[in-house]
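Here's a quick tour of one protein fold for you to follow on screen. Take a look at the sequence and the 3D view, then read on.

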Amino acid sequence: MVIFSVLYAATDGAHFDHDYYNATHIPLVHEAFGSTGLTGVQVFRGLSAPDGGPAPFIAMAHLAFRDAEALQASMGGPRAAEVMADVAKFTNIQPIAQVSGLV
């Protein structure tokens, strides 16, 4: 399994529409990448820092793929551009992405 994490940092002037993200973007991700190896998605909303201060991230999503080849097939697939273009509809934040594997 390979995890593709997308993190949206809390910065001055940041906008993030959680309702659109959950109701429209995440279903689009499932539809676009399900046939190329996406096995699940977890979405988290930032609540706070460990010390009770503001959360460093507004939101984060962890997309699970069957393997590295499935991730590549999804990100290089025919619907990747559609998914990426949709980001501008819910946020002005430049997301931070990371690929991880289980140890």
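## The pocket and the sheet

Sort the lining of the largest pocket by residue type and you get 16 nonpolar residues, one polar and no charged. Keep in mind that this is a predicted model.

**The largest pocket**
- The space inside the largest pocket comes to about 210 Å³.
- Its lining is made up of 17 residues, and Phe-4, Val-6, Tyr-8, His-25 and Met-84 are the ones nearest the centre.
- Two or more lining residues come from each of these elements: strand S1 (2-9), helix H1 (18-33), strand S3 (57-65), helix H3 (80-86) and strand S4 (96-101).
- H1 gives the largest share of the lining, with five residues.

**The sheet**
- Four strands form an open sheet in the order S2-S3-S1-S4, and the pairing is antiparallel.
- On average, neighbouring strands here are turned by 15° against each other, if you ignore direction.
- Six bridges link S1 and S4, which pair in the antiparallel sense.
- Which residue in S4 does Phe-4 stand opposite? That's Val-99.

**The helix across the strands**
- H1, which also gives five residues to the pocket lining, lies across S1, S2 and S3.
- Compared with S2, H1 runs at about 165°.

Definitions and conventions. Residues are numbered from 1 along each chain as its sequence is written. This is a predicted model: local features need pLDDT of at least 70, side-chain atom pairs count only at pLDDT 80 or more; totals for chains, interfaces and linings use all residues. Side-chain values use heavy atoms; hydrogens and water are left out. On a 1 Å grid over the protein atoms alone, a cavity is a set of points where a 1.4 Å probe fits but cannot get out, and a pocket is an open set with protein on both sides within 12 Å along at least five of seven lines; lining residues have an atom within 4 Å of a point. Grid points are joined across faces, edges and corners, and a volume is the space filled by probe spheres set on the points. Ala, Val, Leu, Ile, Met, Phe, Trp, Tyr, Cys and Pro count as nonpolar, Asp, Glu, Lys and Arg as charged, and the others, Gly among them, as polar. Two strands pair if DSSP finds at least two bridges between them. Axes are lines fitted to C-alpha atoms, for helices over the stretch in contact, and angles run from 0 to 180 degrees between N-to-C directions. Contact means heavy atoms within 4.5 Å.
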